[in-house]
Amino acid sequence: MAAAAAGAASPADKERFICIYPAYLNNKKTIAEGRRIPIDKAVENPTSTEIQDVCAAVGFNVLLEKNKMYPREWNRDVQYRGRVRIQLKQDDGNPCLPQFPTRKSVMLYAAETIPKLKTRTQKMGGSDQSLQQGEGGKKGGHHAATLK
């Protein structure tokens, strides 16, 4: 452990990776709730896995910490969990990827790219059906509740 602590100043050390929480990119959140990019660039309820996917695809050294929670996130559901750690800089302090000099540039890229993910585009296509089923289920559930 001591060796890791001694080298913690190195950007290549996992301790020094920047953190990106899904809340930073979520257009459902206010700045006070943790959004860090303009709302028109943000994404609807991004997940840590999606952030990991787009960042890994562009060549970042990425870690997914699934059980981390954003402190300001009141919702404890699994979909809101997770934090992505990204190595932004090399040992010499230069960006790992020159097109991403800052954490903000990474956030904006992730928010721009997540809506284009196959999982998103497919979900959007198939969401009509699931919505209808969901509503049907809700009606049934409501009915059952009234019987009690």
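A polar atom of the side chain of glutamate 73 lies 3.0 Å from the backbone nitrogen of asparagine 75. This is a polar contact, defined as a pair of N or O atoms within 3.5 Å; within protein, one must be able to donate a hydrogen and the other to accept it, and residues adjacent in sequence count only if both atoms are side-chain atoms. The model is predicted: local features need pLDDT of at least 70, side-chain atom pairs count only at pLDDT 80 or more, and totals for chains, interfaces and linings use all residues. Residues are numbered from 1 along each chain as its sequence is written, and side-chain values use heavy atoms, with hydrogens and water left out.

Glutamate 73 sits in the loop between β2 (62-65) and β3. Helices (H or I, at least four residues) and strands (E, at least two) are DSSP runs, numbered from the N terminus. With a relative accessible area of 5%, glutamate 73 is buried; the term means under 20% relative accessible area, while exposed means over 50% and partly exposed is in between (1.4 Å probe, protein chains only). Apart from neighbours within four places in sequence, glutamate 73 is in contact (heavy atoms within 4.5 Å) with Lys29 and Tyr80.

Lysine 29 belongs to the loop between β1 and α2. Its relative accessible area is 8%, so lysine 29 is buried. Not counting residues up to four places away in sequence, lysine 29 touches Ala23, Arg35, Ile39 and Glu73.

## The cavity

Rolling a probe the size of a water molecule over the atoms shows where empty space is left. On a 1 Å grid over the protein atoms alone, a cavity is a set of points where a 1.4 Å probe fits but cannot get out, and a pocket is an open set with protein on both sides within 12 Å along at least five of seven lines; lining residues have an atom within 4 Å of a point. Grid points are joined across faces, edges and corners, and a volume is the space filled by probe spheres set on the points.

One cavity of 30 Å³ or more is found in a search of the whole structure. The volume of the largest cavity is about 50 Å³. Its lining consists of Tyr21, Pro22, Ala23, Asn26, Lys29, Pro46, Tyr70, Glu73 and Tyr80. By class, six of these are nonpolar, one is polar and two are charged. Ala, Val, Leu, Ile, Met, Phe, Trp, Tyr, Cys and Pro count as nonpolar, Asp, Glu, Lys and Arg as charged, and the others, Gly among them, as polar.

## The second largest pocket

The second largest pocket has a volume of about 170 Å³. It is lined by Pro11, Glu15, Arg16, Phe17, Ile18, Arg85, Gln87, Leu88, Lys89, Thr102 and Arg103, of which four are nonpolar, two polar and five charged.

Threonine 102 is in the loop between β3 and α3 (103-113) and is partly exposed, at a relative accessible area of 39%. Its C-alpha atom is 9.1 Å from that of lysine 89, and the two residues are 13 apart along the chain.

Valine 84 lies in strand β3 (residues 83-86) and counts as buried because its relative accessibility is 0%. Residues up to four places away in sequence aside, valine 84 touches Ile18, Cys19, Ile20, Ser48, Ile51, Gln52, Val62, Leu63 and Leu64.

In helix α2 (residues 48-57), the buried residues are Ser48, Glu50, Ile51, Val54 and Cys55. They are on the same side of α2, because they cover an arc of only 160 degrees around the axis, taken from the directions from the helix axis to the C-beta atoms. In α3, the buried residues are Ser105, Val106, Met107, Ala110, Ala111 and Thr113, and their cover includes β1, α2 and β3.

Asparagine 45 is in the loop between β1 (18-20) and α2 and is partly exposed, with a relative accessible area of 23%.

## The chain as a whole

The protein chain has four helices and three strands, in the order α-β-α-β-β-α-α from the N terminus on. Of its 148 residues, 31% are buried. Among contacts between residues at least 6 apart in sequence, 58% join residues at least 24 apart.
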